[in-house]
Structure formats: C-alpha cells, structure tokens
Amino acid sequence: MTDTAQTKPGLDVPGRGGKLQGRVAFVTGGTRGIGAAISSSLARQGATVAAGYAGNTERAEQFLAELTDTWGGDGREFSIHQGNVANPEDCRSSIAEVIEKHGRIDILVNNAGITRDRTVAKMTDEDWQAVINVNLSGAFYLAQAALNHMLERGTGRIVNVSSIIGEMGNIGQANYAASKSGLFGLTKTLAREAAFQLARSGKLTEDSIGVTVNTVTPGYVLTEMVEAVPEKVLDKIKAQIPLGRLARPEEIARVVHFLAADESSYITGQVWGVNGGQDM
Ligand SMILES: NC(=O)c1ccc[n+]([C@@H]2O[C@H](COP(=O)([O-])OP(=O)(O)OC[C@H]3O[C@@H](n4cnc5c(N)ncnc54)[C@H](OP(=O)(O)O)[C@@H]3O)[C@@H](O)[C@H]2O)c1
C-alpha cells in the first residue's frame, strides 16, 4: 500500500467492478476520511455517488473533482450536498435533493460522525447532545426519509457506520459510545420494519433484492479523527489489536460496498466488525 493510497482513499486503485452498476448512492460525510473511501469504492463498483458534507466546501469540491476525474469517464455525474445531519429539515431536504438530481436513491450510507471526548464527570449537556444529534439522530432522520422512497420502489440498502466503541465503550467517550451503540438498535428495528412493510405490500418475494439495513463497526482507522490521538495512546491501542495496526479507510469501504450490492439481499439487521480482531 502506497502513501498515496492512504491520503486519497480508493481513488488510485486501478480497475473497477460492476456490482453497483446503475445504482445511486448517498454517502453522508462522504467527502473525506472513511466516507471519501466509501464514496470512491461505491463509484468504483459502478454507482453514481452523491456525497454529503457539513461545511468544508473546499474539501468537498476538491473531492468531487477527483471522483469525477477518476470514475466519471463513462458519463456518470457525481454530486456533493451540504447539510447538517443533526437538523431533521436538512436531512429531509438532502434526500429530496439527491432524488431530484439523480432520479432515485438506492443506497444510503450514514457515515457522518463527530467526537467530543470528555470523561462523564466533565461532559457538558452540549457535548452529550451534539454527538447524539449528529451520530444517532442524523442516521434516523436520513433513514426515515430514504426508507419511504426505497419501500415504494421495493429495493434499497441502508448501511450505518457505527464503531467498535459502541460495542466496547471507552473512557472519555460516553456520548460517542452511546450514539454508536444506539445505531445497533436503530439498524435492527429499521431492518425488521423494512421487511415487514415490503411483505405487507407484496414486494417481499423469494428472488427480490429487497430493502436491507446493516451496520459496519470499524475499529481504529487512519483518518483525521485519529490524528488527534497522541502517539503514546495509539501505541497502546495497536498493542490491543491482534493484527497490530490501524485499519485503512478502504478496508472499511469494501465491506460497505459488499453490503450495498444487490447480491447481499439475504443480509439484514447485522453488525459487521472490521477491526483487526480487536473485539475478540
Ligand atoms: N476514524 C476512526 O478511527 C473511526 C473508527 C470507527 C468509526 N468511525 C466512524 O466513521 C465515520 C467517519 O469517520 P472519519 O474518521 O472518516 O471522520 P472525519 O474524517 O472527521 O470526517 C467526518 C465527515 O462527516 C462530516 N460531518 C461531520 N459532522 C457533520 C454534520 N453535522 N452534518 C453533516 N456532515 C457532518 C464531515 O463534513 P465536513 O468535511 O464538511 O466537515 C466529514 O465529511 C464516523 O461516523 C465515525 O464515528 C471512525
């Protein structure tokens, strides 16, 4: 793996697959970090990608140019969408905007996330609310808006990006851990409701692609979020990972595109760990 591959997730990987040909994907926080790797990997598999971001427009525009340059040669038009996922109106209008621009949404990846780390003793109400609102409520608002559209069409994929911290907890991350384990319950409920609604409308047939909802739980990944962690702490973390290193964003992204594929229609309500064996 070259340095370039780490700084420009997935973009420089030669060759392409066709698992997601003709599909439209919306990836929140899809213009940098793990989200950029997910956007690139979905594009590489043939999807038209709409990438969401919060406020870093320069970075988003740069990513859009890179994505178009790398995968847009076949005429696919990629797009970026600014919005705050903590705001329900922004979530609804982003979903509407993507449908308006691309005609549909087949895949929603709830990847946008933040941290505000402090011990419970020092955590403010605002620290608590901000993280829950972005990481958990945002996923709910977006899934709610996208699900109506997917159920009407009878097909769809929702993939939530949680974290190993949601499974294990972590000192200084009560808000983050609670938001990320909250995604497990949300995922399983959405998965059950999607199957129930499809069955009720007669769209859940033996060979249908269906509407599935799953969660990926990355361990520690080499992104800006982790750059803030001191070297000494990172060494301690690596010592707890059987594979002895952090994940590369592409290694999370490939599980997302696998779950997003039509062929993954029998996988729903699941939590997929990608963590180098850290939670064994
Ligand atoms: N990095 C890790 O080690 C790790 C491990 C496990 C799980 N995760 C999870 O993986 C996801 C991505 O993490 P990352 O490390 O790639 O993060 P990152 O590099 O900090 O990027 C976060 C992305 O989310 C967007 N975003 C942040 N707040 C938002 C909001 N309120 N509304 C809309 N978009 C918002 C950002 O937009 P702007 O660019 O405009 O700021 C950015 O595109 C998160 O859910 C995180 O919890 C990360």
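This is a predicted model: local features need pLDDT of at least 70, side-chain atom pairs count only at pLDDT 80 or more; totals for chains, interfaces and linings use all residues.

1. A polar contact here is a pair of N or O atoms within 3.5 Å; within protein, one must be able to donate a hydrogen and the other to accept it, and residues adjacent in sequence count only if both atoms are side-chain atoms. With that in mind, a backbone N or O atom of Val221 sits 2.8 Å from an oxygen atom of the ligand.

2. Residues are numbered from 1 along each chain as its sequence is written, and side-chain values use heavy atoms, with hydrogens and water left out.

3. Around the ligand there are 29 residues (a heavy atom within 4 Å), of which Arg32, Ile34, Asn111, Tyr176 and Thr223 come nearest. By class, this shell holds 14 nonpolar, 13 polar and two charged residues; Ala, Val, Leu, Ile, Met, Phe, Trp, Tyr, Cys and Pro count as nonpolar, Asp, Glu, Lys and Arg as charged, and the others, Gly among them, as polar.

4. Now to the cores, each a set of buried Ala, Val, Leu, Ile, Met, Phe, Trp, Tyr and Cys residues joined through side-chain atoms within 4.5 Å. Buried means under 20% relative accessible area, with a 1.4 Å probe and protein chains only. The largest nonpolar core has 31 residues, and Ile38, Leu42, Val49, Val109 and Val216 have the most contacts inside it. A second, separate core of 28 residues includes Val85, Ile95, Leu186 and Val211.

5. What does Ile38 touch, not counting residues up to four places away in sequence? With contact taken as heavy atoms within 4.5 Å, its partners are Val27, Val109, Asn111, Val161, Ala253 and Val256.

6. Ser39 belongs to helix α2 (a DSSP run of H or I, at least four residues, numbered from the N terminus). Ser39 counts as buried because its relative accessibility is 0%. Beyond four places in sequence, Ser39 touches Val27, Gly30, Val49, Ala51, Phe63 and Leu67.

7. Gly172 is in the loop between α6 (164-168) and α7. Why does Gly172 count as buried? Its relative accessibility is 14%. Leaving aside neighbours within four places in sequence, Gly172 is in contact with Asp117, Arg118, Thr119 and Met123.

Conventions. Buried means under 20% relative accessible area, exposed over 50%, partly exposed in between (1.4 Å probe, protein chains only). Helices (H or I, at least four residues) and strands (E, at least two) are DSSP runs, numbered from the N terminus.
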